[in-house]
Amino acid sequence: MSTRWFGQPIPRVEDERLLRGAGAYLDDLGHDALAAAFVRSPHAHARITDVDVSAALDVEGLVAIYTYDDLPDRLAEPLPLLIPHPTLTHGRTPYALARDKVHHVGAPVAMVVAEDRYLAEDAAERIAVRYEPLPAVVGIAAARAAAHLVHEDVPGNLAARMTQSTGDVDAALAAAPHVLSLDLAIERSASTPLEGRGVLARWDAEARRMRIWSSTQTSTGVRAAVAAKLDLPLVDVDVITPDVGGGFGVKIMHPWPEEVLVPWAARLLARPVKFVEDRREHFVASAHERGQLHSVRVGFDDDGRLLGLDVRFWHDHGAFIPYGLIVPIITSTQLLGPYKPGAYRVTFDSLYTNTVIVTPYRGAGRPQGVFVMERVMDAIARELGLDRTTVRERNFIEPHEMPYDHGLVFQDGRPLIYDSGDFPASLAKLKQLVGWDDFEQARETARAEGRRIGIGLACYVEGTGVGPYEGGHVVIETSGKVKVATGLTSQGQGHQTVFAQIVADELGVPLDDVEVVTGDTRRFGYAVGTFASRAAVMSGSAIALAARAAKEKALRVAGDALEANPDDLEIVDGVVRVVGAPGAEISLGTVAVLSNPLRYAFDTAAQAATQFASGDPAKPPVPEDDEPGLEGRDYFSPMQSTFANGMHAVVVETDPDTAEVKILRYCVVHDCGTLINPRIVEGQIHGGVAQGVAGALYERMAYDDAGQLQNASFMDFLMPYASEVPSSVEIDHLETPSPMNPLGIKGAGEAGVIPGAAAIASAIEDAEGIVLTSMPISPSELWELRRSKETG
């Protein structure tokens with residue numbers, strides 16, 4: 001029997017290369033390239049009255065300076081609105097270089113190209129831009145008040161208003177024995193990956209071909225955008241994603257201005273050009289997320305069962321909205337979590353402000369929604385004097401109710417139908433893991449020692465594996481090695497490992513014989529991208545289907561060679577053999593040789609495929625509906641998303657003097673269907689928990705009223721160290737296979753971060769007896785809440 005790789009917690013195959021310093025990130029490439037730098041706006045909102053480049057022209061090593069007036073044709077048009085929506089009635093996107101106005105600090109105004117980055121920065125500093133400042137709209141309250149407008153042609157700063165509902169909410173609330181109202185808030189944060197954005201471009205004038213390397217989450221998306229903006233045939237643009245030092249959503253946005261400007265300059269100058277953003281640029285010129293305000297009314301009965309839920313929220317999407325309404329749509333639908341809400345209505349406004357744009361950041365709208373729903377659950381428990389787990393249990397969707405149709409439309413335009421899950425079983429596992437029923441004893445022990453501790457929990461459901469499709473290509477070489485390609489990109493998720501595990505099992509070959517390439521349009525030209533916890537579901541399924549196609553052909557070719565029925569064959573450790581007939585076997589490499597009829601032999605193995613050595617004279621060398629070689633190509637396009645789920649519990653201690661919060665235990669129960677590699681899944685959870693803790697206790701984007709980001713550096717932006725993240729995350733798994741794909745899997749990439757703020761808020765509230773309505777929370781804010789409680 002071959003080794004079974006699927007489900008095994010093997011180490012990542014890519015780690016040795018990366019840990020030994022053999023990785024190749026964007027800035028490791030293009031040492032012969034010219035360097036680009038950008039003049040960026042110091043104002044949040046201003047009219048550009050003049051751009052004077054004369055003082056920069058004397059900088060030695062300067063190659064070119066470009067402003068909006070230099071941009072030709074389609075490059076002078078606004079960048080694309082990637083995801084239109086019927087309710088997005090006032091969608092606005094930026095120009096690659098600001099035309100006549102700037103709408104946030106950090107907006108690109110001019111591009112400088114020089115022999116190196118130092119010279120480019122020197123020249124950029126000498127460019128004098130004259131601005132006429134305009135009033136800035138900062139924050140949701142200012143956007144709603146609309147005393148000033150971000151865009152003159154957008155009334156009320158309102159890009160979109162969207163409502164979804166099921167049932168009669170007004171009647172349900174009117175008849176409910178109990179009704180509560182809550183006002184809740186989540187502040188802005190950002191992805192802040194270790195490596196910022198970057199792009200390198202080379203133009204081959206003879207071949208009229210553009211080659212681009214981009215630190216992106218969608219190489220095919222960048223390819224399509226560059227082809228469109230530069231009026232190039234798609235087949236003449238190659239985009240390669242090198243090693244990427246983190247993405248977390250910010251790099252799914254495309255094209256960034258630099259991703260079209262750098263290739264344009266490379267073609268114009270007939271020299272390679274490279275841009276890598278610095279850390280401040282990432283803070284002020286990339287993307288943020290999270291900022292929302294919610295107003296909730298909930299009706300429930302004496303047992304705590306939901307009867308009606310009415311949610312109104314406001315979403316700050318920044319100065320432009322190129323990624324559409326995906327984040328607030330996810331919030332509005334994933335807010336429901338594992339619960340039956342009774343009647344449900346949700347309305348959101350997506351608002352312009354003079355701040356950095358908002359695109360998905362790990363969790364993508366779900367942390368906000370989960371925070372709201374879990375605050376509601378805790379409020380009901382407090383109102384009725386019930387255990388918090390009891391209220392949740394009474395509102396769970398039961399396993400026998402799957403698939404469960406919420407009657408709403410999800411972010412993929414498909415019905416919000418949960419395909420699988422066992423929420424009561426997950427909660428039972430979590431309670432046992434954290435010791436929920438025994439916690440009061442621990443609390444009393446701590447209280448006797450003068451310590452305050454509390455316990456909290458939060459539940460979530462995560463839509464994963466969104467479409468429209470991904471593909472896979474599996475090639476069995478004459479050496480017996482297997483080459484696998486898929487179009488989506490990798491940013492540390494372990495794709496080279498998990499995809500190899502899938503193929504090794506499907507083909508019956510050693511894991512070491514499988515090599516995986518991702519994010520290279522030369523190897524696979526059609527793909528969507530890496531986001532929304534979709535890689536394993538989408539590309540994993542496509543690769544499995546492609547491997548099965550390759551296997552089917554391998555068995556057919558081997559059957560001819562062995563004079564055996566393909567149904568009687570198996571592949572074990574790269575050898576095709578007849579079941580029950582020892583010695584009747586042929587290596588998979590030899591089968592690959594035989595699959596490609598040859599006229600010429602280039603080595604000894606190839607001789608077996610030449611015209612005088614093989615083949616049936618009564619048949620064509622390549623049968624109809626077949627092709628040479630031993631390979632499979634397939635695509636996976638599901639009808640809808642598949643829904644993973646999980647529950648987190650956390651125990652915290654709050655310092656009685658300083659109000660600092662220390663996490664004592666963090667427990668996770670997670671259901672992502674059938675596990676390909678538990679070790680990688682747990683690594684994803686660990687990383688997500690770290691970001692969840694960051695979003696609950698530390699990280700926020702602090703803008704002043706003029707639209708200046710006050711903490712645009714790691715000196716000021718409070719990112720947790722290893723000492724602030726739980727040293728141990730206790731994890732248990734529940735596997736309820738998804739019926740939506742051939743592997744029964746669900747996504748796992750965002751699971752760790754989604755319920756973090758909600759669970760930690762619940763625990764702090766339990767420790768302090770103070771109701772929390774906003775996250776993140778700092779020690780000074782908790783201290784003020786204590787004082788208000790004492791004096792109130």
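1. Arg202 has Arg211 in β10 as its bridge partner. The two strands involved, β9 (residues 198-204) and β10 (residues 209-214), run antiparallel to each other and share six bridges. Strands count as paired if DSSP finds at least two bridges between them; strands (E, at least two residues) and helices (H or I, at least four) are DSSP runs numbered from the N terminus.

2. The model is predicted: local features need pLDDT of at least 70, side-chain atom pairs count only at pLDDT 80 or more, and totals for chains, interfaces and linings use all residues. Residues are numbered from 1 along each chain as its sequence is written, and side-chain values use heavy atoms, with hydrogens and water left out.

3. β9 and β10 belong to an open sheet of seven strands, ordered β3-β5-β1-β12-β9-β10-β11, with mixed pairing. Because β3 (62-67) and β11 (237-240) stand at the edges with a single partner strand each, one side of each is left without a neighbour in the sheet. From one strand to the next, the twist averages 20°.

4. Helix α2 (residues 117-126) touches β1 (34-40), β3, β5 (108-114) and β12 (273-276), and its direction makes about 30° with that of β1. Helix α6 (residues 257-269) touches β1, β3, β5, β9, β10 and β12, at about 30° to β9. Axes are lines fitted to C-alpha atoms, for helices over the stretch in contact, and angles run from 0 to 180 degrees between N-to-C directions.

5. Elsewhere, β20 (residues 482-486) pairs with β21 in the parallel sense over five bridges, and Lys483 has Glu515 as its bridge partner. Buried means under 20% relative accessible area, exposed over 50%, partly exposed in between (1.4 Å probe, protein chains only).

6. The largest nonpolar core has 120 residues, and Leu697 and Ile764 are among those with the most contacts inside it. Such a core is a set of buried Ala, Val, Leu, Ile, Met, Phe, Trp, Tyr and Cys residues joined through side-chain atoms within 4.5 Å. Helix α9 (residues 366-384) supplies the largest share of this core, nine residues. A second, separate core of 47 residues includes Val482 and Leu511.

Definitions and conventions:
Contact means heavy atoms within 4.5 Å.
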